[in-house]
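I opened this model to look up a few contacts, a core and a ligand shell. My entries follow.

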Amino acid sequence: MNFKIALIRGDGIGPEVVGEAVKVMEAVGKKFGHSFSFEDVLMGGCAIDAVGKSYPEGTAEKCKACDAVLLGAVGGPKWGHASDPEKRPETALLSIRKDLGLYANLRPAALRPALADACPLKKETAEKGIDLMMVRELTGGIYFGKRERYQTEDRGEEASDRMAYSQMEIERIGRRAFELARLRRHKVSSVDKANVLETSRLWRSIMHRLSEEYSDVEYEDVLVDNAAMQLVKDPSQFDVVVTENMFGDILSDEASMVTGSIGLLPSASIGDTAPGLYEPIHGSAPDIAGQDKANPIATILSVGMMFRYSFHLPHEADAIEQAVDAVLAEGWRTQDIAKSGEQTIGTVQMGELIRRKL
Ligand SMILES: NC(=O)c1ccc[n+]([C@@H]2O[C@H](COP(=O)([O-])OP(=O)(O)OC[C@H]3O[C@@H](n4cnc5c(N)ncnc54)[C@H](O)[C@@H]3O)[C@@H](O)[C@H]2O)c1
Ligand SMILES: CC(C)[C@H](C(=O)O)[C@@H](O)C(=O)O
Ligand SMILES: [Mg+2]
């Protein structure tokens, strides 16, 4: 088959990790008889530098003309947090997610067999394994509510961010979570802050209704502060974790670290129509950019998710995961997953080793 892929390489380590992931994709194509055409799409800080705005006109249309989108990362201190949204790289990220209707962000956190000793948890906890799927709502909540900043008469400057969720938004992400649980270990943990937030109380009541419909799936509510603690105490208790946008952002970074490194975790952002967008959960890592130090595994596994969720080619996805595990089993480590004093390899060599396993 032939697939057209939009490449948003982005900023910092983005181009480095996307470069390796593209080469892996081509190796998979060679092995399984697929071909790819790539279209580079400018977005993020690099777009601000080139054309003065982070989300140039036509960005979404270019992506919609492709079968899937692969994104590295956008942002960095060079662009800061400008008051003009067009001059903020992160604005582009939220816009592309919204414009492509990518409301479901799947962030699997799995302890790779060869990395059990990179897990910072107690040995007996790590031995139980980690294999959870965070389902993060991606196009609603506080990320997309009204933002204001104004002067008050007596309290100085004030700012506010509105958090809203509709029944429709909660239902569709909830269904995704229950459907995924049916393909996994039949358990959904819904994370909210229903003891404080009205959005969470609505969230919880809708999840409860859905849980009756999906009575074959075990269901629990977990308050977000407790969820953060439970993730460190015993992540093996979780199968599918469904939560709103900001809680999911924070908890998925936490989940990544219990599996060893943020450089390992991929993500798939999907909606009801193509294309899906695939990206590592990490950012542009300005501290290591341009030094051949970034771990490309998160982006390579994101390509695996692309095969699985956009192209419905599970064998190709499995082959990528097996190649990653085989390289890790041989002891190859980038700096983020190495023990102190252990010899490390760079981004390009890690990519090359994974490719050779294919
Ligand atoms: N999807 C995205 O494009 C995305 C995601 C998160 C952050 N960001 C942006 O990236 C910029 C930097 O954010 P940050 O520093 O808070 O988070 P970050 O994820 O970029 O980096 C956090 C830490 O993790 C390390 N790290 C990240 N990816 C790594 C990898 N592949 N291999 C090894 N180490 C890795 C970094 O070196 C850094 O020490 C910000 O502008 C932020 O808004 C973008
Ligand atoms: C850069 C930022 C806007 C983004 C988010 O919060 O969604 C990032 O942290 C992520 O996890 O993809
Ligand atoms: Mg994040």
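I began with Ser-256 and listed its contacts, leaving out residues up to four places away in sequence: Ser-256 touches Ala-109, Ser-261, Ile-262, Leu-264, Leu-265 and Ile-281. Two residues are in contact if their C-beta atoms, placed from the backbone, lie within 7 Å.

The model is predicted, and local features need pLDDT of at least 70, side-chain atom pairs count only at pLDDT 80 or more, while totals for chains, interfaces and linings use all residues. Residues are numbered from 1 along each chain as its sequence is written, and chains are lettered from A and ligands numbered from 1 in the order in which they are written.

I placed Ser-256 in helix H9 (residues 245-258); helices are DSSP runs of H or I with at least four residues, numbered from the N terminus.

Why is Ser-256 called buried? Ser-256 counts as buried because 21 other C-beta atoms lie within 10 Å. The cut-offs are 20 or more for buried, 12 or fewer for exposed, and partly exposed in between.

Next I looked up the largest nonpolar core, which has 99 residues. Such a core is a set of buried Ala, Val, Leu, Ile, Met, Phe, Trp, Tyr and Cys residues joined through C-beta atoms within 7 Å. Helix H10 (residues 297-310) gives the most to this core, with 8 residues. Leu-70 is among the residues with the most contacts inside the core. Beyond four places in sequence, I found Leu-70 in contact with residues including Ile-5, Tyr-278 and Met-306.

Last, I noted 22 residues around ligand 1 (C-beta atom within 6 Å of the ligand). Gly-75, Gly-263, His-282, Gly-283 and Asn-295 come nearest.

Conventions: Helices (H or I, at least four residues) and strands (E, at least two) are DSSP runs, numbered from the N terminus.
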